[in-house]
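Thanks for coming, everyone. Please look at the screen, and I'll take you through the cavities and then a sheet.

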Amino acid sequence: MALGKYSRVDGRKSSTSYCSSVTIVVFVALCLVGVWMMTSSSVIPVQNSDVSQENKNEVKSQLTTESNNNDSTDSGASEDNNVPSDEVKPKQFEDNPGDLPDEATKGDTSNVKEEKTPIEKKEDKPIEDEKKEDKPEEKKGDEKNEDGESQVENKESESNESKKDEATEKKDKSSEEVFPSGAQSELLNESTTQNGAFSTQATESKNEKDAQESSKPETTNQSSYSWKLCNTSAGTDYIPCLDNYEAIRKLRSTKHYEHRERYCPDNPPTCLVPLPEGYQISIKWPTSREKIWYHNVPHTKLAEVKGHQNWVKVSGEYLTFPGGGTQFKHGALHYIDFIQQSVPELAWGKHSRVVLDVGCGVASFGGFLFERNVLTMSLAPKDEHEAQVQFALERGIPAISAVMGTKRLPYPGRVFDIVHCARCRVPWHIEGGKLLLELNRLLRPGGFFVWSATPVYQKDPEDVEIWEAMKKLTQGMCWEVVSITRDRLNKVGIAVYRKPSTNECYEQRSQDDPPLCQETDDTNAAWNVPLQACMHKVPVAASERGSQWPEEWPARVEKAPYWLSSSDVGVYGKPAPEDFAADYEHWKHVVSKSYLNGLGINWSTVRNVMDMRAVYGGFAAALRDLNLWVMNIVAIDAPDTLPVIYERGLFGIYHDWCESFSTYPRSYDLLHADHLFSKIKNKCNFMALVSEVDRILRPEGKIIVRDKVEIFNELEDIFKSMQWDIRMTYSKDKEGLLCAQKTMWRPKEIETITYAIA
């Protein structure tokens, strides 16, 4: 080219002044050659067509920055680079916070208590600086090959090869993104999400309640960044929908435990629940199964009443749990093994994976079933035995405050492998067996009911009367008596029943007692639906859920349920089995490549987890190898995928996030909210949801939020107003990711909640 020819001018044929002029021109020309060599490195080679446009732009942006840095020291720099260095942003969500720009990680270093990993420390250094350290600076002089020509072409070739390697490296690195591209990104595009083949719990329950003339209250909207402490009769244990004394006082009867059911206020609270005096960060699992801090749950009534049964004892600054219960004073493990020996078909942790424990006490039964690879949903009324469910949650055992009263429990039909009741004080036999028939709705065809209570083994007149009533009722329900045995160590009897897996017995009954439900009765409808004393038929078609037992654990967690048909459209618009598989692969990718390494979370300290907007349970499935449990929440107005979650050996519950959740304050170590807040924003009281998140989360607990940028930015400001630590923020393409940590901070001002004053 012209510059090359100009550099070959021979000064020997000219005068001295002419030579001087030529020398100056040659010098300038050589400088321009050097500049051209530098600026040519910012050009993406044509042959790199296999690199995605996004990666090309990434490489180009980084190299432009390098060129601009060189421009500041080179007066002959080219003016072709138009992108200023302060606008360069990475194009992918990377796994380590060190990969993110300063704007995205503001507040990380000052708030995160964990030390950075070596990878994170390395990533703090700009890529350009690393390159400068790894290889010496190239000479800018007039280097020539043996033919006397400039080596610009050779350097350009080397530069192109370097760029190609760098682009390939970045392409590999992009596989570790938090927000995946391609097919997986479709799962995050909420605007295209449809119900597909899944109806919603709201629709199911509304249809059922309309038929039974039932209704639901509305909520109002308010917003405030000025926080106050909630002043209520429940104090540090406040649960808004269970401590609504104004509604409870208006009840006409409490015969069916109506006073323990949910009555959510029309104006949900936006105040913060105070901490118990002397509160300490919860003891971590598995130590927490045996002991917790007394000041975290400062209640001693159970220790006084049930201490001789080894429920709980007071030991200095701790409350200790020997692992006993009313029916297993000598420990839950012996009791669990005795049941297995009596009925080998149970096969804990293989055939039987998901259990409902009714009247759980302090949940030692469920706590020790973890050793058998069994997941237990423990359930008991609030305050029936003082703080029993709170004890369970503080210990790191799944539990929910609920009562078998006048409404169905908030679970779909035919999902629990086993239902257990150890002297749970539930009158199963009364009113046509309405409560036992609710268990029948929840129990999987072929599933087991394990009942250890005094009527099984004592001969008092009252016990004999109850046993005869239960015998008649279970025969009418076609439940098979599998085993009645006596545990000599605990001196209790245990009866095990099995629900039929066909309709043959129902059709052969001489009397329709209890009656079969109407064909139109939806077994999955569970949100505020009144109880009915009837039974649903067992599904028999091969394509119906409940016609087959799930595969043994853990195979069932990974495979799409047999009843998900390719002809059905999944939540994200794909055929249902493909939808399921894509969701699982997506969350495995995000959890392994981002959550476990890139958020600065010490997962060994995480035990109680809630997925506030689960779909197929992919997030929980991806965490299954960790020593924790996940409560999957399926919103009542979302596609009803909760049966899928149970089918894969996980568990969850229906809920409406316009209302308070039925758990004690400070219950969970980590909350996961995937596009939840944006859905609530225009539906009900946004600030009430934020205060509910604060109520549920333990001090030093964390929340991971994935949502739209406008919600994401607002949440960051709100969390800061509550003195939370913002550990990491990032945004891309109108989507955001935020990880925040709750602190011990509580406001000074007080707000009295009048409906919560007894």
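How many cavities of 30 Å³ or more does a search of the whole structure find? Eleven. Before the details, some ground rules. This is a predicted model: local features need pLDDT of at least 70, side-chain atom pairs count only at pLDDT 80 or more, and totals for chains, interfaces and linings use all residues. Residues are numbered from 1 along each chain as its sequence is written, and side-chain values use heavy atoms, with hydrogens and water left out.

Now, terms. A cavity is a set of points, on a 1 Å grid over the protein atoms alone, where a 1.4 Å probe fits but cannot get out. Lining residues have an atom within 4 Å of a point. Points are joined across faces, edges and corners, and volume is the space filled by probe spheres set on them.

Start with the largest cavity. It holds about 300 Å³ of space. Its lining has 20 residues, and Arg262, Ala402, Arg408, Pro410 and Ser662 are the closest to its centre. Two elements give two or more residues to this lining: strand S7 (399-401) and strand S14 (652-655). S14 gives the most, with three. Helices (H or I, at least four residues) and strands (E, at least two) are DSSP runs, numbered from the N terminus. By class, the lining has eleven nonpolar, four polar and five charged residues. Asp, Glu, Lys and Arg count as charged; Ala, Val, Leu, Ile, Met, Phe, Trp, Tyr, Cys and Pro as nonpolar; the others, Gly among them, as polar.

Next, the second largest cavity. About 150 Å³ of space here. It has 17 lining residues, and nearest its centre lie Pro268, Pro269, Ala688, Ser691 and Glu692. Helix H23 (residues 686-696) provides the largest share, five residues.

On to the sheet. Two strands pair if DSSP finds at least two bridges between them.

Strand S5 (residues 354-358) and strand S6 (residues 375-380) run parallel, joined by five bridges. Valine 355 stands opposite threonine 376 in S6.

Terms used. 1 Å grid on protein atoms, 1.4 Å probe; cavity = no way out; pocket = protein on both sides within 12 Å on 5 of 7 lines; lining within 4 Å.
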